[in-house]
Amino acid sequence: MLKNIMKAGVLALITVIAAGCASGGGEGKLTRDVYLRGVFTWWDADPQFKLQPVEGKENVWFATSAADEPLIADGQPYEWKFGDAAWQCGTNFGFLSGEADIKLGERRQSNKCSAFDNFKFTPEEDGVYRFFLDWTEELPVVYIEKVEM
């Protein structure tokens with residue numbers, strides 16, 4: 001009898017774990033905090049650059065470059081990506097293929113298990129920029145918009 005109860009308990013535990021792994025928070029859902037990380041954040045997982053949900057859009061998040069230190073249009077690219085605090089696969093978003101350079105408003109697919117594939121953005125004018133992660137499709141997409149001040 002005790003043996004059957006233990007078997008039932010183990011099966012129940014396996015079922016709960018498997019259901020949690022299968023759902024993974026839902027396809028496209030971020031299951032941990034993700035940050036805009038790059039040369040302008042010293043690659044830190046700084047709470048100031050934590051992704052925030054875009055109001056009215058499911059599975060779309062953004063982070064904004066610092067308003068007090070705008071990105072400077074000096075012809076040099078800023079390397080960046082989205083990643084959680086530990087750079088874990090599944091929430092470590094770099095470029096998927098092709099060129100690393102991304103232009104303002106250009107939508108680029110990203111690799112959610114990127115090791116070293118940083119995006120590069122060269123602003124054409126000084127300013128504050130908003131960086132987006134859109135995971136409404138199977139592959140996450142990133143893009144950048146200039147914030148009008």
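Student: What percentage of the 149 residues in the protein chain do buried residues make up?

Tutor: The model under discussion is a predicted one. A residue counts as buried when its relative accessible area is under 20%. In the protein chain, which has 149 residues, the buried share is 35%.

Student: In what order do the elements of the protein chain run from the N terminus on?

Tutor: The protein chain holds 1 helix and 9 strands. Starting at the N terminus, the order of these elements is α-β-β-β-β-β-β-β-β-β.

Student: Among contacts between residues at least 6 apart in sequence, what percentage join residues at least 24 apart?

Tutor: Contact here means heavy atoms within 4.5 Å. Among contacts in the protein chain between residues at least 6 apart in sequence, the share joining residues at least 24 apart is 58%.

Student: Is Thr41 buried or exposed?

Tutor: Thr41 belongs to the loop between strand E1 (35-38) and strand E2 (52-53). Leaving aside neighbours within four places in sequence, Thr41 is in contact with Leu36 and Phe49. Its relative accessibility is 4%, and because the limit for this class is under 20%, Thr41 counts as buried.

Student: Which residue has its backbone nitrogen 2.8 Å from a polar atom of the side chain of Thr41?

Tutor: Thr41 lies in the loop between E1 and E2. A polar atom of the Thr41 side chain lies 2.8 Å from a backbone nitrogen, and that nitrogen belongs to Gly38.

Student: How many residues apart in sequence are the parts that the pair of Phe40 and Phe131 ties together?

Tutor: A search of the whole structure finds 12 aromatic pairs. Among them, Phe40 and Phe131 form a tilted pair, with 5.6 Å centre to centre and 35° between the planes. Phe40 lies in the loop between E1 and E2, whereas Phe131 lies in strand E8 (residues 129-134), so the pair ties together parts whose separation in sequence is 91 residues.

Student: What kind of aromatic pair do Phe121 and Tyr129 form?

Tutor: Phe121 is buried, and Tyr129 is buried as well. Their ring centres are 5.1 Å apart, and the angle between the planes is 70°. Because planes over 60 degrees apart fall in this class, the pair is edge-to-face.

Student: Which residues form one aromatic cluster?

Tutor: Phe131, at 0% relative accessibility, counts as buried, and it is one of the members of the cluster.

Student: Over the face of which residue does Lys146 lie?

Tutor: Elsewhere, the charged end of Arg37 sits over the ring of Trp87, 3.7 Å from its centre. Lys146 is placed at 6.0 Å from a ring centre, and the ring belongs to Tyr129.

Student: Over how many bridges do E8 and E9 pair?

Tutor: A hairpin through 6 residues joins E8 to E9. Within this arrangement, Arg130 stands opposite Glu145 in E9. The two strands, E8 and E9, pair in the antiparallel sense, and the number of bridges is 6.

Student: Which residue in E9 does Gln109 stand opposite?

Tutor: Strand E6 (residues 108-111) and strand E9 (residues 141-146) pair in the antiparallel sense over 2 bridges. The residue in E9 opposite Gln109 is Val141.

Student: What is the relative accessible area of Trp43?

Tutor: Trp43 is found in the loop between E1 and E2. Although Trp43 is not a glycine, its phi is positive, at about 65°. Most residues other than glycine have a negative phi. Trp43 is partly exposed, and its relative accessible area is 26%.

Student: Near what value is the phi of Trp87?

Tutor: Trp87 lies in the loop between E4 and E5. At 32% relative accessibility, Trp87 counts as partly exposed. Its phi is positive, in a residue other than glycine, and is near 55°.

Technical notes:
Residues are numbered from 1 along each chain as its sequence is written. This is a predicted model: local features need pLDDT of at least 70, side-chain atom pairs count only at pLDDT 80 or more; totals for chains, interfaces and linings use all residues. Side-chain values use heavy atoms; hydrogens and water are left out. Helices (H or I, at least four residues) and strands (E, at least two) are DSSP runs, numbered from the N terminus. Buried means under 20% relative accessible area, exposed over 50%, partly exposed in between (1.4 Å probe, protein chains only). A polar contact is a pair of N or O atoms within 3.5 Å; within protein, one must be able to donate a hydrogen and the other to accept it, and residues adjacent in sequence count only if both atoms are side-chain atoms. Rings of Phe, Tyr and Trp (its six-membered ring) pair if their centres lie within 6.5 Å; planes under 30 degrees apart count as stacked, over 60 as edge-to-face and the rest as tilted. A charge sits over a ring if NZ of Lys or CZ of Arg is within 6 Å of the ring centre and within 35 degrees of the ring normal. Two strands pair if DSSP finds at least two bridges between them.
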